[in-house]
Amino acid sequence: MFNPAQSSTYSNLTCDSAQCSQLTSATGNPPRCAATTCVYGIQYGDQSFSKGFYGKERLTLTPTDVFDNFFFGCGQDNDGLFGGAAGLLGLGRNQISLVSQTSTKYGRLFSYCLPPTSSSTGYLSFGSGATSSTKFTPLYPNSQNPSFYFIELTGISVGGQKLAISPAVFSTAGTIIDSGTVITRLPPTAYSSLRSTFRQMMSQYPMAQPLSLLDTCYDFSKYSSVSIPKISLFFGGGTEVSLDVAGTVYGSKSQLCLAFAGNSDDGDVAIFGNRQQVTFAVVYDDAGKRLGFGQGGCS
């Protein structure tokens, strides 16, 4: 755990600093003051939250990659579904994310691969990541949500069958990619079509009880092998992302569920979650305004 009292290079930021005023666009909440010290507060979609002092410190990522005056939140009250994590790494598009603060070195380029199991190994890399096999789709700005990475979801196929979903369903509110959201959220019209086709192709297997927000689950406890239809997502620029089976289903053998959920309204922003990103080398080239997917990034 970081103890600022033991650091000779840490200092709190004041309420009247320019950096303190940037918290509103980055967190969605205006900063507060404790005496003259800038105080941040942020809450996430799962109701987890963090509150604390906004400060600056020398950040050392490698022996040669050192960043003075790195701004970050020093959490004093953190609660929710953080598990054993010691903190959160901000990789958004706002001015105070790690991506922006290290842009002179890494050029707003980073990549990661999320492994399919806890016993597998993934990675996070800054300044590199794309290969000759990486397929790119455009990234778009959004003035109402400037921190998010917006992409254009255009269609879905199940078992090689393209679903009859109007592109307008996806374009109403747009789609973001988010490494912090587990399950992909789709417009209800799109999810209904996906669920119906998936259930039809899985009709030979017995269904199980829903698992939280996952409503299409199966009991495979009496089967030595099963056949899961391949799901592909289509993005702007004609990019097709064929999901790994670990990105298609979630749960245990007796309750294995389709790893997608529907939003409450077609007007809600769709989210391409981290479960669907597993095993891909996901490349964020924000300077180049593009997002890349490379198959077999980790296993």
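Why is the disulfide of Cys 217 and Cys 257 right-handed?

Guide: This is a predicted model, and every value below is computed from it. The torsion about the S-S bond of Cys 217 and Cys 257 is about 105 degrees, so this disulfide is right-handed. Cys 217 belongs to strand β15 (residues 217-218) and Cys 257 to strand β19 (residues 255-258), so the bond ties together parts that are 40 residues apart in sequence. The sulfur atoms of Cys 217 and Cys 257 are 2.0 Å apart, and a pair counts as a disulfide when its sulfur atoms are within 2.5 Å. Buried means under 20% relative accessible area. Cys 217 is buried, because its relative accessible area is 0%. Cys 257 is buried as well, because its value is 0%.

By the distance rule, the count comes to 4 disulfides. Another of them joins Cys 20 to Cys 38, with an S to S distance of 2.1 Å. The torsion about the S-S bond of Cys 20 and Cys 38 is about 85 degrees, so this disulfide is right-handed too. Cys 20 sits in helix α1 and Cys 38 in strand β3 (residues 37-43), so that distant parts of the chain, 18 residues apart, are linked. Cys 20 has a relative accessible area of 2%, so it is buried. Cys 38 has 0%, so it is also buried.

Next comes the bond between Cys 15 and Cys 33, where the S to S distance is 2.0 Å. Here Cys 15 lies in the loop between β1 (11-12) and α1 (18-21), while Cys 33 lies in strand β2 (residues 32-34), and the two are 18 residues apart. Partly exposed covers the range between the buried limit of 20% and the exposed limit of 50%. Cys 15 is partly exposed because its relative accessibility is 24%. Cys 33, with a relative accessible area of 45%, is partly exposed as well.

The pattern can also be written in short form. With the bonded cysteines of the protein numbered in sequence order, the pairing is 1-3, 2-4, 5-8, 6-7. Cys 74 is in no disulfide, and the nearest cysteine sulfur, that of Cys 38, is 13 Å away. Cys 74 is buried, because its relative accessibility is 7%.

Note on methods: Residues numbered from 1 in each chain as written. Predicted model: local features only at pLDDT ≥ 70, side-chain atom pairs only at ≥ 80, totals over all residues. Heavy atoms only, no water. Helix = DSSP H or I, 4+ residues; strand = E, 2+ residues; numbered from the N terminus. Buried < 20%, exposed > 50% of the residue type's maximum accessible area, 1.4 Å probe, protein only.
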